[in-house]
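Good morning, and thank you for making time for this item.

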Amino acid sequence: MLFSPACICSLKYATHRDTLVAIFLQPKEAVISNGTIAYDNWLVPGSSVYRQFWIFNVENPSEVLNSGARPKLEQRGPYTYRVRYLPKENITENPNGTISYMLPNAARFEPDMSVGTENDTITCLNLAVVAAPALYTNNFILLLLNTWIKSSKSNMLQNRTVKEILWGYKDPFLSKVPFPLDPVLGVFYPYNGTSDGLYRVYTGKEDISKTAIIESYKNKRNLSYWEGYCDLVNGTDGASFPPFVKKNQVLRFFSSDICRSIYGVYQSKKTVKGIPLYRFTVPREAFASPIDVGDNYCFCTDQVISQNCTLAGVLDISSCKAGRPVYISLPHFLHASESILHDVEGLSPNEEEHETFLDVEPTTGFTLQFAKRLQVNLLVTPSTKIEALSKVKKPYVFPILWLNESAVIGDEKAEMFRNKVTGRVQLLGMVQMALIITGSVLFLAFMGSYFICSSKKLK
């Protein structure tokens with residue numbers, strides 16, 4: 001006998017466990033429909049979301065400006081803001097089983113969670129000056145730009161407050177340019193009062209396996225930034241995933257911050273406030289060079305800077321930043337090539353502090369704890385036409401800041417989740433175990449009776 005009735009019972013209930021849970025929980029917990037837990041958490045995060053910034057201060061500005069020395073950087077932070085506290089806007093239920101919305105942007109400074117004030121001054125890269133050679137390649141235009149840079153007394157580095165660097169300031173160089181352009185710029189300018197979207201996602205009403213998956217972004221399935229499949233909008237927004245998450249799954253999610261879809265792989269089990277979760281992390285392979293991971297070939301857009309697509313760890317997103325030479329990486333160039341890391345001094349990549357993770361409740365697919373970490377950099381290139389960049393010896397990626405956007409389910413929501421979801425799943429587990437034990441007892445009783453009857457016949 002290959003399988004005893006007890007084994008068959010065990011396999012049967014293991015196979016149908018997800019179905020039992022689906023019947024038990026789906027109507028209330030998994031579908032994005034008004035009145036469900038999923039909808040309430042989808043409409044506005046069930047916990048406070050904070051975005052912490054560490055801004056890199058240049059410790060040797062004179063050497064950088066006068067002799068093109070390697071920048072010595074020291075991170076200052078965190079400067080903490082509460083974000084994602086406004087409910088989604090322009091919510092529309094569509095007849096094809098999707099729901100569309102806009103995601104409002106707002107950031108509120110949290111002084112008690114910060115090391116200083118928004119008026120702290122940082123010596124940082126001059127965003128406008130450094131971006132000029134990438135935006136304009138005509139020699140005559142570059143000479144004109146050089147004149148305006150000099151007349152505004154601008155240089156490669158500048159002193160700015162935290163608030164100015166993040167949210168915007170009126171740049172003296174751009175103010176001199178006699179063309180119609182906005183002289184205000186900042187790393188995240190404009191932010192407050194703007195919206196991200198339009199997003200259209202599946203509700204799960206018609207197909208539970210598509211719950212929260214993005215059907216389109218800005219009314220398109222692709223981004224127009226990359227070639228091939230790299231340009232597709234894949235997965236969810238990371239706040240939740242279709243229910244019944246498995247350890248061997250690859251969880252795909254789209255981030256407008258980095259202008260691409262990315263993915264997480266299972267790392268370990270975690271328990272947060274009494275709720276068992278699966279931790280998924282963004283792996284090294286997501287930012288690997290195409291030499292190591294062939295699927296990344298369509299994220300390599302510059303053969304020169306990437307050294308023929310052999311460098312890892314940085315992503316050129318200039319195509320979605322109006323041509324500005326913005327590069328995204330993990331904080332402190334985690335998983336980046338050594339040559340990129342050694343173009344500057346003072347960075348110390350550390351997986352525990354700098355990796356991105358999502359802690360997902362596997363039955364519902366809800367993300368109950370996460371930390372999205374990324375670094376914003378600018379490409380600095382030498383220029384013979386712009387004096388402020390004439391001392392630069394070679395092109396290199398210059399870190400500006402890194403951020404950690406994180407949240408964890410609140411105590412009240414956690415209690416509700418334990419009562420309505422985790423407790424029920426555990427109850428089903430107990431029922432399953434009881435049925436397995438009952439099947440085993442019945443099997444043993446059957447076998448005992450069989451042998452007793454057999455022995456009586458032999459007598």
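A residue is called buried under 20% relative accessible area, exposed over 50%, and partly exposed in between, with a 1.4 Å probe and protein chains only as cover. By that rule Ser337 is buried, because its relative accessible area is 16%. Ser337 sits in the loop between β16 and α8 (338-341); helices (H or I, at least four residues) and strands (E, at least two) are DSSP runs, numbered from the N terminus. Leaving aside residues up to four places away in sequence, Ser337 touches Thr310, Leu311 and Ala312, where contact means heavy atoms within 4.5 Å.

A word on provenance. This is a predicted model, in which local features need pLDDT of at least 70 and side-chain atom pairs count only at pLDDT 80 or more, while totals for chains, interfaces and linings use all residues. Residues are numbered from 1 along each chain as its sequence is written, and side-chain values use heavy atoms, with hydrogens and water left out.

Now the protein as a whole. It has 10 helices and 19 strands, and 51% of its 459 residues count as buried. Of the contacts with a separation of 6 or more, 64% are between residues 24 or more positions apart.

Grid points are joined across faces, edges and corners, and a volume is the space filled by probe spheres set on the points.

The largest pocket has a volume of about 1,300 Å³. Its lining comprises 47 residues, with Gly186, Val187, Tyr189, Lys321 and Arg324 nearest the centre. Elements that give two or more residues to this lining include α7, β9 and β10 (195-202), and α4 gives the most, with 5 residues.

The search of the whole structure also finds 5 cavities of 30 Å³ or more. The largest cavity, of about 840 Å³, is lined by 42 residues, and Pro45, Asp237, Gly238, Ala239 and Phe370 lie nearest its centre. Among the elements that give two or more residues to that lining are α2 (37-43), β10 and α10 (411-458).

Finally, the backbone. Most residues other than glycine have a negative phi, and most peptide bonds are trans. Which peptide bond from Tyr189 is cis? It is the bond to Pro190, with omega near -10°, and Pro190 is placed in the loop between β9 and β10. The bond from Gly197 to Leu198 is cis too, with omega near 15°, and Leu198 belongs to strand β10.

Positive phi values occur at His332, about 55°, and at Phe333, near 60°. His332 is buried at a relative accessible area of 5%, and Phe333 counts as buried at 1%.

Conventions: 1 Å grid on protein atoms, 1.4 Å probe; cavity = no way out; pocket = protein on both sides within 12 Å on 5 of 7 lines; lining within 4 Å.
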